[in-house]
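Open the model in your viewer and keep the selection tool at hand. This tour tells you what to select next and what is there.

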Amino acid sequence: MKLLAMLLTCCLAAAALGDFVWIEGEDAISQNGMNHHGWYTSVRKSELSGGQMISHYGKDKSSFGSARYLFDAPAATPGCDITYRFFLRCNPVQAAMSYRLNDGPWTQIPLSRDGAIDPINIAANGQRDMRFIGWIDVGDVTLLAGRNTIDFRTESDIAHHGMIDAFVFTDDPTWLPHGTLKPGEKSDAADVEAPPGCWVFNPGRDPFKGDALLDLSYLNEDTAGEHGFIRVNEHGDFVRGDGEPIRFWAVNTQTYRQGDTALRENARFLAKRGVNMVRWHGALQPKNPDQPLDSVDEQALDQVFAMVAAMKDEGIYLTLSPYYAHSINLKDKSGQSLRRSWGLPRDPDAPNPTGLLFFDTRLQEAYKNWLRELFTRINPYTGKPLREEPAVAIFQIQNEDSLLFWTFDHIGGLDLDLLRRQFGQWLIRKYGSLDKLRQAWHGAQPEGSDVPDDWDRGLISFYKLWSLQKTDSSAPNELRKSDQAQFLTETMRNWNAEVARYIREDLGASQVINAGNWRTADPLRLNDLERYSYTANEVLGLNRYTTAPHKGQYQGWAIGAGDQFDNRSVMFNPPSLPLAIKQAPDKAFINPEGLWVPPNLYQSEGPWLIAAYQSLTGIDAYYWFAMQQPQWRQPSSANGYVDALGMWVIATPTIMGNFPAAALMHRAGYIQQGKPVVVEHRALADLWQRRLPIISEEGTYDPNRDAVNISDRSAVRDIVDRLAFLVGPVHVVYDSDPALTKVSDLAPFIDHRNQIVTSETKQLRWDFGRGIVTLDAPCAKGAAGFLSKQKTFQLTGLSLESDDEYAAILLVALDSKPLSESQRILVQIGTTARPYGWQQRNVTPKRDEQPSTMQEIVNHGKAPWMVTQSHVTLTLTNPALASAMALDPNGYEQAAVEMIRDGDKVTLAVPADAIYVILQP
């Protein structure tokens with residue numbers, strides 16, 4: 001009776017809110033083994049729908065749990081079947097469960113804590129075990145009009161455990177589950193009152209209706225790769241298979257953990273906002289420690305295949321990144337080995353296999369087998385292997401590993417002996433014998449090494465990396481240091497070349513290849529060695545985040561009360577722009593991971609600056625990190641159980657809210673690419689000797705010590721101002737004659753007295769004294785930064801007025817015409833945002849300390865986002881425009897905006913709570 005009464009209530013509510021059916025887990029009409037195991041019932045029942053659940057924890061391997069439910073589904077037209085979205089609230093942690101609808105086939109439910117909506121720990125004692133609960137988006141299902149049945153079966157490896165709190169079927173495409181709220185019920189967040197000067201960001205789920213006024217999916221190909229494989233041309237630019245140039249707006253997305261339905265929803269959401277490249281950053285090595293090293297993780301492989309199919313259908317290309325040594329945990333909490341069957345690492349004290357991929361043949365052969373499975377196995381979702389899949393554009397060999405980073409010093413034991421032996425063999429090839437080598441080195445010993453040379457066995461030791469930071473051409477040990485630098489670099493480069501050969505020749509795959517994306521122990525002396533090792537492949541890379549100081553209990557992955565942080569804007573420090581990068585002229589360059597990392601407040605400048613300076617400098621892709629759910633993300637726990645907010649998030653009003661105009665102007669080529677202003681030619685001998693480049697991406701110089709360390713053959717003997725990165729492209733040519741180096745006259749573009757740097761194209765002007773950047777191009781104009789310091793901005797055909805302390809404003813043509821002629825213009829405004837209830841206070845300096853700008857979080861707040869209002873008035877010269885419409889965050893009409901015409905000019909005040917406004921006739 002309880003179930004029927006509930007269904008009747010649901011049906012009555014559906015008349016106004018859309019049809020839905022909500023069923024409590026404890027209302028099964030029959031069950032087997034769902035006996036409320038004592039461990040499972042020791043939970044906070046206040047977090048459960050109806051205060052109850054149904055659960056199973058088996059005593060033996062044959063003990064499964066199952067439950068059957070009977071329910072009626074309302075229908076708009078009697079006798080017609082209807083498609084509903086199916087959500088299940090259950091335990092997603094280390095669990096497996098299947099369902100069967102109306103006696104159809106059993107279907108696996110995509111369970112994972114990472115893929116759950118609103119995951120929370122409900123253990124009564126607060127222990128971080130498996131007692132979690134969260135909503136799983138199971139996907140679309142077709143229900144019979146009238147009576148239906150559904151069965152569930154628990155199939156977990158651990159005691160076949162499983163739990164069901166509730167499940168719902170809804171035909172409202174905008175509804176998202178939240179806790180125990182049924183469709184139509186409001187949460188506390190829905191009724192919050194924004195503090196003065198803010199508005200509530202609570203857009204709901206994008207239903208992808210056809211009447212959206214802002215939808216950039218038309219920029220994408222109907223199917224990614226329909227014109228063939230992506231290539232890199234002789235100028236280092238990406239082109240399609242037919243030779244047409246292509247620009248990428250890219251993100252990292254982790255929705256592959258949530259199943260095919262979530263992936264396809266995520267793909268539509270991203271395409272609508274201008275994204276045409278995503279990165280799969282995962283792992284192919286076996287997760288089960290008892291599996292052989294060369295076996296592949298079948299779940300990861302299936303996730304890759306599903307992601308390729310889903311993104312391809314929305315015209316989105318993929319970058320595949322299948323190996324991250326730092327994430328491979330080799331020991332349990334007690335220090336015992338978790339990978340006995342691997343035989344790696346050979347060093348029993350190694351916590352992970354960092355560095356081994358470059359030189360350990362056993363790991364390399366296993367890696368190749370993982371790639372064989374990846375590229376040659378048939379993708380069940382497309383019917384062809386990835387080696388034949390042009391939607392897969394870029395393959396990344398490895399993520400954040402290097403023999404020139406500090407982790408090199410931790411290689412030890414038999415792993416180090418293997419590398420020492422290879423070093424000895426390399427030296428014999430170079431010098432002819434170890435006796436000749438010893439003479440050439442003049443008895444130099446490896447400074448800082450814990451292991452002496454073993455000349456009898458040919459095991460030659462290494463300097464600690466800090467020793468390579470010091471250079472002195474007259475020092476007796478300089479030749480030995482140069483040999484070590486050369487050997488480590490060539491070891492990495494040779495492996496990168498071998499992977500390319502293997503992929504091309506043995507596997508028959510045609511994707512372009514990126515070797516890596518990491519930095520080194522010394523950005524001045526070693527970065528060019530790292531970058532040279534990448535030139536064995538077509539694409540160079542560098543992961544670079546934009547950060548400010550942040551320290552606290554969960555620093556590095558979460559934001560909580562008690563944390564201390566600072567707010568810092570790139571606007572006052574232009575060399576910190578992550579696109580201040582040296583490029584090889586015939587190679588593409590990508591930033592595979594990047595983010596304006598919270599809790600730093602100043603994030604809206606990020607998409608604005610990336611689009612503008614990516615276009616100016618020719619950087620080929622910047623991948624925002626990361627998206628963890630199909631659509632928008634409100635402030636929520638970093639992992640479902642800590643009382644701290646996630647920090648690696650982009651589906652927010654300040655980051656993804658600023659995507660559309662930025663993505664459009666970059667991909668459409670609205671901003672002119674500059675001519676190279678610095679072209680440095682570097683000899684390999686100068687790399688091995690760690691001579692200084694004339695310009696670096698980071699780090700500082702001591703002119704009294706460093707200036708003399710530039711190559712003797714360099715045509716430029718002075719250090720080049722790092723503001724050159726904001727003037728135009730900066731190129732470096734490796735294995736070349738330094739006498740060919742050229743630097744443009746930068747004086748007309750860099751004004752240190754007034755703290756202004758202007759692009760070589762004259763379209764971008766960066767006032768880093770006041771923290772303001774302006775853009776003035778025919779099809780795109782705007783201003784970003786601390787606008788109240790100037791208030792009025794006169795651009796060609798456009799006047800902007802704003803007294804906002806901080807904002808990022810863009811106007812872009814939606815029809816590729818100059819703004820003075822365009823008949824569809826997007827106005828986009830980003831400000832700042834904090835979670836509801838956020839509180840902070842100034843950090844009181846300790847005795848004898850100088851006052852600082854550090855803040856302490858008193859309350860990290862909760863959903864929803866509170867967005868700072870904007871105050872923007874614009875006057876645009878354009879005789880065709882007659883109306884303005886403010887849009888909601890999903891691109892649908894929200895309210896008409898008054899527009900005043902005066903001759904060929906129109907003036908409007910942008911609504912304080914609008915991110916987007918469309919101007920049209």
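Are tyrosine 323 and tyrosine 367 buried or exposed? Both are buried; buried means under 20% relative accessible area, exposed over 50%, and partly exposed in between, with a 1.4 Å probe and protein chains only.

**Before you go on**

This is a predicted model, so local features need pLDDT of at least 70 and side-chain atom pairs count only at pLDDT 80 or more, while totals for chains, interfaces and linings use all residues. Residues are numbered from 1 along each chain as its sequence is written, and side-chain values use heavy atoms, with hydrogens and water left out.

Colour by pLDDT, the predictor's confidence in each residue, from 0 to 100. The mean for the protein is 92. A pLDDT of 70 or more is reached by 94% of the residues. Now select residues 1-17, where pLDDT stays under 50. The model has 20 contacts beyond four places in sequence for this stretch; contact means heavy atoms within 4.5 Å.

**Stop 1: aromatic rings**

A pair of aromatic rings is described by the distance of the centres and the angle of the planes. Here, rings of Phe, Tyr and Trp (its six-membered ring) pair if their centres lie within 6.5 Å; planes under 30 degrees apart count as stacked, over 60 as edge-to-face and the rest as tilted. The whole structure has 49 aromatic pairs.

Select tyrosine 323 and tyrosine 367 again. Their ring centres are 6.0 Å apart and their planes stand at 85°, so the pair is edge-to-face. Tyrosine 323 lies in the loop between β17 (317-321) and α5 (361-376), and tyrosine 367 lies in helix α5, so the pair ties together parts 44 residues apart in sequence. Helices (H or I, at least four residues) and strands (E, at least two) are DSSP runs, numbered from the N terminus.

Next, select tyrosine 545 and phenylalanine 625. This aromatic pair is edge-to-face too, at 6.1 Å centre to centre and 90° between the planes. Tyrosine 545 sits in the loop between β20 (539-541) and β21 (550-551), and phenylalanine 625 in strand β26, so the pair ties together parts 80 residues apart in sequence. Tyrosine 545 is partly exposed, at 24% relative accessible area. Phenylalanine 625 is buried, at 13%.

Stay at phenylalanine 625. What kind of peptide bond joins phenylalanine 625 and alanine 626? The bond is cis, with omega about 0°. Alanine 626 is found in strand β26 (residues 621-627). Jump to alanine 863 and proline 864 for another cis peptide bond, also with omega about 0°. Most residues other than glycine have a negative phi, and most peptide bonds are trans.

**Stop 2: aspartate 103**

Select aspartate 103, in the loop between β6 (97-101) and β7 (107-108). Its phi is positive, about 60°, although aspartate 103 is not a glycine. The residue is exposed, at 52% relative accessible area.

Aspartate 103 forms a salt bridge with arginine 68, the closest N and O atoms being 2.8 Å apart. A salt bridge is a side-chain nitrogen of Lys or Arg within 4 Å of a carboxyl oxygen of Asp or Glu. Arginine 68 lies in strand β4 (residues 65-73), so the pair ties together parts 35 residues apart in sequence. Arginine 68 is partly exposed, at 22%. The structure holds 49 salt bridges.

**Stop 3: strand β34**

Select residues 772-777, strand β34. How many of its 6 residues are buried? The count is 5.

Show the neighbours of β34. Strand β33 (residues 764-767) pairs with β34 in the antiparallel sense over 4 bridges; two strands pair if DSSP finds at least two bridges between them. Leucine 764 has leucine 775 in β34 as its bridge partner. The hairpin of β33 and β34 has 4 residues between the strands, and glycine 771 takes a positive phi near 75° there.

Now look at β35. It runs antiparallel to β34, with 6 bridges joining them. Threonine 774 has alanine 783 in β35 as its bridge partner. The hairpin of β34 and β35 has 2 residues between the strands.

**Last stop: a charge over a ring**

Select arginine 153 and tryptophan 106. The charged end of arginine 153 sits over the ring of tryptophan 106, 4.2 Å from its centre. A charge sits over a ring if NZ of Lys or CZ of Arg is within 6 Å of the ring centre and within 35 degrees of the ring normal.
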